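Trainee: I am new to this structure and would like to work through it step by step. May we proceed by question and answer?

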Amino acid sequence: MKNIVLILLLSLQLSAAYTQKVKLPSVTFAIENDKNIKVMQRNCQWCHSYGYILNQGKQSKEFWHKIVLKMRDVYHAPINARDEKIATEYLFKYYGNGKM
Amino acid sequence: MHRREFFKISFAAATAIVANLEASNTIRPRDNQKVLPIKFPQKRELILHSDRPPLLETPRDFFTTAITPNDAFFVRWHMPIIPTATNLDTYYVHIHGEVEKRLYLTVDMLKNDFEAVEVTAVMQCGGNSRSAFRPTTSGIQWGSGAMGCATFKGVRLKDILKKAGLKEDARWISLNGNDKAVMTKIENFKRELKIDEISDDTIVAYEMNGEEIPFLNGYPLRLIIPGFYADSWVKQLSDIYVTKEYQKYFFMDVAYRIPDNECECEEPDNLAKKTKPLEYMNVKSYIGYPKNNQKVKRATNLRIKGVAFDAGEGIKAVQISLDGGKTWQSATLADELSRYAFRVFTYNLKPMKKGKLQIMAKAINNKGEEQPFAHEIKWNHGGYKYNGIDSVTVTVV
């Protein structure tokens, strides 16, 4: 009996020091849907939501290309040469400011 | 290199600088961004830039008080993998390296075995107000709400190092938290401090505004370095590594760096070769009330309210201009909670003329440094340290 009480007390203490798992809401940041969205899905979402894309505002093609390269070279996103081109075109098409 | 070639190159560089000075033109940061009806744990509805990693910005209305409420405090994580459950029985900070005694300190040990100290300080992201820079720099395009001020309670970092006992040749410490990248090649968000530059105000905090630190602000332990930009304030602190030599870390040596020259500025086509880590904040103020596009009544008292701060010199004055910055009048300063805290300013007026009214606020610190106009802010590639004079325009009806 003593043992049971002890175990109970112990487990109570443990649970008191254990913080409930925090649930983070999942929010959909919708980006334009076309056949190339798959390129965005397989390269960008490893590390961040599409909020990061929308947050940048409309930018030049050079800006988006530099971002794609930064994601590949600095943050190690697995972007191959074909996807590099498609992602840049996609970003410029929907989130471009018309300037090259 | 031949002398003649050298001159040619520097001449080309000089022309590029002149051409670009006209092209780069700082504007005012984003404002009046939408507050989405989504609540993150322990937070109220805020400006949401991303859910993964979570990026939340505090709306303008909250900058009328010296203390920012925990549930309105901005959130910025770099890594997508954040431990969402913390067992305080097994959570500890590991102090190791050039120390006499390796330590594993739990939160309870920090609370019971050390002197508790409190410091009220402004926490501001280095990229706060980044959206003002033109051309646009990469990085989150924050408005001006990536900042807040809180009272933190915890233990002096110096006391922890003293307990571990620094070896004679210990010079640097690396600080690491529990958040992680998806790609294994990416380093953790580590920061590095020079031991003899650690102040008594630098603490490992376990409380924020009298409560446990909110999960999204770094629960259960966060490094607090008053005066420094928040990129150095490691969240979910778990590791303190003492070294003889400076270690190279991505987030110290590549990211979060600014030009190491007098203006801390550079040109998009001619980036500064010498850079330095972001450290001390510059003087800044922000109007919390009224807001842009707000309607105010003619011939009625209007009480302008806002906050001002710097890196710890303290605020000497805040001035208000109602004529586009031609003339300035002193605002009233509230008590100073700490030299690192938000200093609340107020200014009363009774607008008599109907139509648009522009209100500008400028802070001056005890060193005599004052905020430049927004358009005078010089560009840097990371979009850091914007501190232009704030302005809101209301309509008098």
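This is a predicted model: local features need pLDDT of at least 70, side-chain atom pairs count only at pLDDT 80 or more; totals for chains, interfaces and linings use all residues.

Trainee: Which strand of chain B gives the most to the side of chain B that touches chain A?

Mentor: The contact takes 27 residues from chain B and 26 residues from chain A. On the side of chain B, strand E1 (47–51) and strand E2 (54–57) each supply at least two residues. With four residues, the strand that gives the most is E1(B).

Trainee: How many residues of the side of chain B that touches chain A are nonpolar?

Mentor: That side of chain B includes eight polar and four charged residues. Its nonpolar residues number 15.

Trainee: Which are the edge strands of the open sheet in chain B?

Mentor: The open sheet of chain B has three strands in the order E1-E2-E3, with antiparallel pairing. E2(B) and E3(B) pair over two bridges, and B:Leu55 has B:Arg76 in E3(B) as its bridge partner. An edge strand pairs on one side only, and this holds for E1(B) and strand E3 (75–76) of chain B.

Trainee: Which element gives the largest share of the side of domain 1 of chain B that touches domain 2 of chain B?

Mentor: The domain assignment of chain B gives domain 1 (47–277) and domain 2 (284–396). Their contact takes 32 residues from domain 1 and 29 residues from domain 2. On the domain 1 side, strand E6 (117–124) and strand E14 (257–259) of chain B are the elements that give two or more residues. The largest share, four residues, comes from E6(B).

Note on methods
Residues are numbered from 1 along each chain as its sequence is written. Chains are lettered from A and ligands numbered from 1 in the order in which they are written. Two residues are in contact if their C-beta atoms, placed from the backbone, lie within 7 Å. Ala, Val, Leu, Ile, Met, Phe, Trp, Tyr, Cys and Pro count as nonpolar, Asp, Glu, Lys and Arg as charged, and the others, Gly among them, as polar. Two strands pair if DSSP finds at least two bridges between them. Domain bounds come from an automatic or database domain assignment.
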